[in-house]
Amino acid sequence: MPVNIQAALYRFAVLAGLITALWGCGNSNGNEPEPAFVDIALSGAIDIETGTRVDADNAASLALNPRPSPGPQLLPQEFILAGYVSANSGTYSGLSDLDYSTDSVDAFSITIRQGQSVYLQPFSTSEGPSPLTLSLINKSGVVETVSTHNQPDQVRVSLPSTEPTGTYTLQVEAAGSDPMLYILSTSVTGSARATAFEWPDHDFVDSQAIVVLKSGANQAPMRSARSQAAMGPQKELAPGVWLMKAPLQAARSRQTQSKESTLQWIRTLEKRPDVASVTPNYTMRAMQTPLNEPLYNSPSVGQQWHYELLNAPIAWQIAPDGGSGVTLAVMDTGLFGAPGNWHSDLNANIIEGWDFVSEEFDNDGMPGPDSNPSDPGNAVGSSVYHGTHVAGTIAAAVNGAGGAGIAYKSSLLPVRVLGEGGTGSSADLLAALRWVAGPSGGEPLAEIVNLSLGGLPFLQSLQDAITYGADRGIVFVAAAGNSASAVASYPAAFDKVFAVSAVDGAGVLASYSNYGSWIDVAAPGGDASRDGNADGRSDLVSSSSAALVNGTVQETYIGLQGTSMAAPHVSAVFALMKNLNSALGYEQLNDMLMTGKLTCGSEICLKSTELGWGLLDAGKSALAAAAGTVSDFLTASPSIVSLSTEGELSAGVSLNVYGSAPSDIIIGSVSVVAPWLRLDSAPVSGDSGTDFAISVTLLPEALEAGISERTTIVIEYRSDELRRLEIPVIGQRVTDQQARDAGRHFVLLVDPEPVGDRYTTVAQTIAVAENGQYQFSFLPDDGEVPRMLNEVPPGDYILVAGTDLDNDGLICHAGEACAEYPVAGLREEITIRQGDPVTGVRMTTSYSRPSISAATPGVLPRPAFIGYRLIQQLPDTGGTAPKTIGAER
Amino acid sequence: MIAAYRKVLAGLPLVFLLVGCVWLVGCASSEPVESESSAPLVRQVTQSAHCGLTGPGLAYVQTSERLQQLLELPTQNMAVQQLRQVDLQQEHLLFVTLGEKPTGGYNVSLASAERAGKILRLSMAIRAPAPGTMVTQAITSPCAVVAVPANEWSEIRVSGVRDKDLVLKL
C-alpha cells in the first residue's frame with residue numbers, strides 16, 4: 001500500500017513538474033500559437049543549384065571516414081561536381097591540425113553522347129598547383145585522356161564520333177604530389193532550374209472521398225437526387241460518415257489528372273455547409289513482410305543483410321503468419337519505453353511482462369522486482385538498450401516504419417533480468433525462469449525463451465529450472481558468448497538450451513564468438529571488423545534501440561554485434577516454425593537440427609565446433625516445420641529488387657526450386673505490370689526445370705520524378721498445383737533536386753564590420769544535404785559560458801555558407817561551394833534581436849561565382865578574397881570581444 | 001483523448017527516470033577532481049559503454065574536427081551534446097578507452113588526478129563484471145572522457161587501464 005501511495009505521489013510530482021515546465025515555456029501574448037522552437041535565433045534553408053553533386057570522398061569526408069569510395073560514383077547526364085584528389089596525405093603548411101588525406105583517383109560512371117564533352121576545372125589548395133589528368137574510359141581501355149599540366153586552365157574530354165553513346169567511366173587522377181580541388185561539369189548544366197516538388201504522404205483512391213457530415217445535418221437528403229449528383233454518396237461507413245464517389249465529369253483518363261481532379265472535387269466538397277470534414281480515401285499499402293520495411297534496404301541506417309543470410313524471405317513465404325500466436329519471452333535489460341507505450345516498432349506485439357532485477361543491480365528508480373520491465377538506460381554513461389535491440393530482431397512489427405523482426409506478428413513477453421550496465425544475478429534469472437514456466441496447474445507463459453546473456457558458471461538450480469521448462473514445452477535459446485573461447489558459457493551450454501554462435505556477413509564465425517562442441521547452431525551476429533558480404537559497410541546487426549538526442553532519449557535504430565544478436569534470429573525462426581506446427585518442442589527441434597533439416601541450405605552440414613550443426617536456414621526450417629503441406633515452390637534471389645537512376649538500372653534475379661525433394665516445375669507465365677519496368681529476359685510458358693533467370697530494367701521516363709514506386713514481378717508456375725511467386729521491385733527516378741548535394745556545409749554568421757581586411761566569424765553550425773537542401777538554425781546566446789558554436793548574441797551579421805572540401809579551414813574560395821545571404825556577391829546584413837527569431841531565411845549554394853554585369857551592378861570585385869575562416873575553437877566569452885579568427889578578403 | 005492522457009501518464013515515470021539519469025551523469029561530471037592546491041584540475045565529462053574505439057588507449061582532442069571524427073565512429077553511442085559543450089580553447093578532451101570488451105558490465109571512470117610540474121597523472125577506476133556475473137553478450141567499447149586544462153602539459157600519464165601507464169606526449 002505505501003508503495004502505491006508513493007507511486008501516486010511520485011506521478012503527481014512528475015506531472016506537476018511537467019506542467020510547471022510547460023508553463024515556463026508558454027508565452028503570455030494570448031491567442032497566437034507560438035512556433036514549437038521558441039529558442040531559435042535564426043533558421044532557414046539553403047537550396048542547391050541544379051545538377052550539383054559532390055565527390056563522395058573529399059578531404060572533409062575523408063577526415064571523418066578515412067576510406068576512399070571503392071567503386072565509381074554514378075552521375076546524371078548533366079551535372080556539376082566538385083571534388084578532391086591527392087596522391088599523398090599531410091598537413092597544410094601554416095595550418096596546424098588541418099590535414100589532407102590520400103585519395104589519388106576519383107572515378108565516376110556517366111552516360112555520354114557522341115560529341116559530348118566533360119570539362120575539368122582545376123583549383124589549387126594552399127599547397128600550390130599540382131597537375132591532374134582526366135580520362136574517359138570504356139571496357140577496352142582509355143578512350144581519351146588530358147592533363148592540366150600544372151596550369152589553372154580548364155581541360156576537357158569528348159566522346160569521339162567513332163565511339164558509341166553509352167556508359168563510360170570518367171577518372172580524375174592526382175598526377176602530382178599536392179592535394180587539388182576540381183570541378184567537373186557537362187556543358188549545359190545550370191541552364192534550367194527544376195521547380196520545387198513535394199513528397200506525397202499517401203496514395204489515395206481516384207474519385208473517392210470520405211465525408212463527415214456536420215452533426216445535426218439531415219442524413220436523408222444524402223439519398224436525394226441532388227446530393228447524388230453533387231456528392232455521389234456511395235456508402236455510409238458509420239453514422240454521418242460517407243464514402244463519396246465523384247460525379248463522372250470530375251474523372252479524367254490520365255492518372256495525374258484524375259488525382260488532381262479528385263483533389264479539386266474534394267476542395268469543393270469542403271465548402272459545403274453540411275460537411276464537417278473531407279479526406280481522400282487513402283489506400284493502405286499492402287505490407288506483408290519485413291521486406292517492405294524501410295530499414296530492410298536503408299542505405300543510411302544499414303541494410304538488414306542478416307535476414308538475407310538467414311534465408312528469411314523464403315521463410316516468410318512459407319510462414320506468412322509471421323509467428324502469429326506464438327509467445328516469446330526475451331529475458332534481458334527490458335524494453336525502451338513504458339507499458340503500453342514501448343518503442344513504436346515493438347509496441348503492437350508486446351504483452352505484459354515483469355521486472356525481476358533485484359535491488360543490487362536495479363537502476364529503474366523502483367529498486368527490486370516490479371511489474372514494469374522498462375529499460376531505464378544506464379545510470380552511469382549512455383546505454384544501447386540491449387533488450388530493445390534483441391526484441392526488435394524477433395518481433396518488431398511490419399508497420400511501414402523502421403525495420404521488422406523475423407517473427408513480426410509474434411507476441412513478445414518482456415522479462416527484465418539485467419540491470420545497470422547490462423549485468424544481473426543468477427538468482428534473478430532463476431526467478432524469471434520459474435515464473436515463465438507457469439504455475440504448476442497452468443500453462444507456461446511463453447513458448448520460446450531468448451537468453452542473450454551469459455557469463456554464468458554451471459548452476460544445478462538453473463539447469464533444473466530449464467529442464468522443468470523444457471519438459472513443459474518451452475524452447476530455450478541462448479547466446480554462446482563473446483569470449484572467442486571454447487570454454488562452455490552458461491546458460492547456453494546447459495542441456496536443453498540451443499547454444500547459438502555468431503557469424504559475420506559471409507557466414508564465417510565472428511572473430512569474437514565462442515565455439516566448442518557445446519554449440520548447437522549459428523546465426524548472424526555481425527562483426528564490426530569485417531565486411532564479409534562486401535556491401536561496403538561493416539557487418540552489424542540493425543535493430544531497434546534508443547539514444548540521447550538533444551538531451552532526451554528517443555527511439556532509434558542502431559547496429560550492434562555479438563552472440564546476443566545471433567540468438568534472437570534463432571528464437572524468431574523457431575517462432576515461425578511453431579506457428580506452422582505448434583507441437584514442436586525442444587526434442588523435435590533438436591532432432592530436426594541434428595538431421596540437417598534446419599541448416600546449410602541444400603546441403604547437410606556435419607557438426608563443427610564453430611557453427612554447431614551449421615548456419616540456420618530459415619527457409620529450410622520453415623519447410624521442415626510445415627512438412628507434408630509444402631511441395632516444390634520457386635524462390636527468388638535476390639528476394640527484393642531495387643532500381644534507381646542513381647543506382648542500378650538493371651538487375652538479374654535467379655529463381656530456384658525449393659522443396660524437400662526439388663524436382664522440375666513448369667512455368668506458366670512471367671509478367672510485369674508496371675510501365676516503368678521492362679522484362680528483358682525470362683523463362684516462357686511451358687519451360688520446365690529447377691533453375692531459371694530473369695532480368696529487368698528500369699524505364700525511368702515512365703516514372704514520376706522523385707517518387708519511389710513499388711511493383712512485383714509475378715511468376716505463375718505449376719508444381720503440385722498452380723502456384724505464384726511475387727518478387728517486390730522498387731523503382732525510383734531520383735530527381736536532380738533530390739540528388740543535389742554540394743557536400744557538408746558550414747553555415748557562418750560573421751561580423752559585417754571587417755577588422756582590418758578580415759571578417760570575424762561569430763557563430764557556426766553544420767548542415768548536411770537532405771533531399772537536395774540544407775536546413776540550418778542558430779540558437780540565441782543563453783549567456784552561459786562557454787558559448788556554444790551555434791549560439792549567436794544579438795547584433796548585425798552577414799550570413800554565409802559553404803564547403804571545406806580540401807579541409808583547410810576556409811570556405812567559399814574557388815573550387816568550393818558558397819552561399820551568401822540573400823544572393824552570392826550581394827551580401828545583406830541580418831539583424832538578430834533578443835526574443836525575435838528570424839526564420840525562413842533562404843539562399844542558394846553553388847560552385848559558380850557571380851559575374852559582374854549590367855544585370856548585377858551591385859556585385860563588387862573581391863580581388864584578394866580567399867574565403868571565410870571556420871572557427872576552430874570556441875570564442876572567448878568572458879566579456880571580452882571575440883578573438884579575431886576572421887575571414888580574409 | 002483520455003487514452004492518450006493515460007499514455008502520457010504511463011510514460012512519465014520513465015521520462016523522469018531518464019532525466020534523472022542525465023542528472024546523475026551531469027552531477028558526476030561537474031564534480032571536479034581536486035589537486036593538492038584545491039583548484040579544480042580535471043573533470044570527467046561523460047562515459048559510455050559504446051564509444052566505438054576498438055583499441056585500449058588514449059585519444060586527445062584539441063579541435064572540434066577531431067571531436068567530430070570520434071563522434072562519427074560506427075557503434076558510437078555517447079552523450080554527444082555534453083562533449084560539444086566543452087570549450088576546446090580552455091579545455092582539451094582526453095578519451096580514455098578500454099577498447100573492445102566482449103560483454104556488458106565494463107566501465108572506466110576518473111578516480112583521481114595530480115599535477116607534477118608539466119606532467120598530469122590521471123588514475124582511472126575500471127569496473128569489470130566479476131567472474132560468474134550474468135551479462136549481456138553484445139560487444140562493447142567503454143571509455144571515459146576527461147576534460148583537462150588546455151596547453152598546460154608536456155605529458156599526460158594514465159594509470160589503471162593497462163599494466164603499464166598509458167603515456168601521451170604533447
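Two residues are in contact when their C-beta atoms, placed from the backbone, lie within 7 Å. The views below come from a predicted model, in which local features need pLDDT of at least 70 and side-chain atom pairs count only at pLDDT 80 or more, while totals for chains, interfaces and linings use all residues. Residues are numbered from 1 along each chain as its sequence is written, chains are lettered from A, and ligands are numbered from 1 in the order in which they are written.

**View 1. Overview of chain B, with its contacts and its order of helices and strands.** In chain B, 73% of the contacts with a separation of 6 or more are between residues 24 or more positions apart. The chain holds three helices and ten strands, where helices (H or I, at least four residues) and strands (E, at least two) are DSSP runs numbered from the N terminus. Along the sequence, the elements of chain B come in the order α-β-β-β-α-α-β-β-β-β-β-β-β. Of its 170 residues, 39% count as buried; a residue is buried if 20 or more other C-beta atoms lie within 10 Å of its own, exposed if 12 or fewer, and partly exposed in between, with C-beta atoms placed from the backbone.

View 2. Tyr586(A), Leu589(A), Met592(A) and Leu593(A) are buried in α11(A), which spans residues 586-594. They lie on the same side of the helix, because they cover an arc of only 135 degrees around the axis, the arc being that of the directions from the helix axis to the C-beta atoms. The face turned away from this buried side carries the exposed residues Glu587(A) and Asp591(A). Among the elements of chain A that cover the buried residues of α11(A) are α9 (460-471), α10 (563-580) and α12 (618-625), along with the strands β26 (475-479) and β28 (521-524). Just after α11(A), Gly596(A) has a positive phi of about 75 degrees.

**View 3. Helix α8 of chain A against α9(A).** The axes of α8(A) (residues 426-436) and α9(A) come within 9 Å and cross at roughly 15 degrees; axes are lines fitted to C-alpha atoms, for helices over the stretch in contact, and angles run from 0 to 180 degrees between N-to-C directions. That angle makes α8(A) roughly parallel to α9(A), since angles under 35 degrees count as roughly parallel, over 145 as roughly antiparallel, 65 to 115 as roughly perpendicular and the rest as oblique. The crossing is left-handed, a term used if the near helix is turned anticlockwise from the far one by less than a right angle, and right-handed if clockwise. From α8(A), Ser426(A), Leu429(A), Leu430(A), Leu433(A), Arg434(A) and Val436(A) meet Ser461(A), Leu462(A), Ala465(A), Ile466(A) and Gly469(A) of α9(A). The residues of this contact divide into seven nonpolar, three polar and one charged, where Ala, Val, Leu, Ile, Met, Phe, Trp, Tyr, Cys and Pro count as nonpolar, Asp, Glu, Lys and Arg as charged, and the others, Gly among them, as polar.

**View 4. The buried face of α8(A) and its surroundings in two chains.** Ser426(A), Asp428(A), Leu429(A), Ala432(A), Leu433(A) and Val436(A) are the buried residues of α8(A). Seen down the axis, they fall within an arc of 155 degrees, so they line one face of the helix. What covers them includes β18 (327-332), β22 (411-416) and α9 of chain A, together with β7 (134-136) of chain B. Just after α8(A), Gly438(A) takes a positive phi of about 90 degrees.

**View 5. The packing of α7(A) on α10(A).** Helix α7(A), residues 386-395, packs on α10(A) at an angle of about 35 degrees, with the axes 8 Å apart, and the crossing of the two helices is right-handed. On the α7(A) side the contact is made by His386(A), Val390(A), Thr393(A) and Ile394(A), and on the α10(A) side by Ser564(A), Met565(A), Pro568(A), His569(A), Ser571(A) and Ala572(A). By class, this contact has five nonpolar, five polar and no charged residues.

**View 6. Backbone features in loops of chain A.** Most residues other than glycine have a negative phi, and most peptide bonds are trans. The peptide bond from Tyr490(A) to Pro491(A) is cis, with omega near 15 degrees, and Pro491(A) lies in the loop between β26 and β27 (497-503) of chain A. Ala484(A), in the loop between β26 and β27 of chain A, has a positive phi of about 50 degrees and is partly exposed, with 13 other C-beta atoms within 10 Å. Asn311(A), whose phi is near 65 degrees, is buried, with 22 other C-beta atoms within 10 Å.
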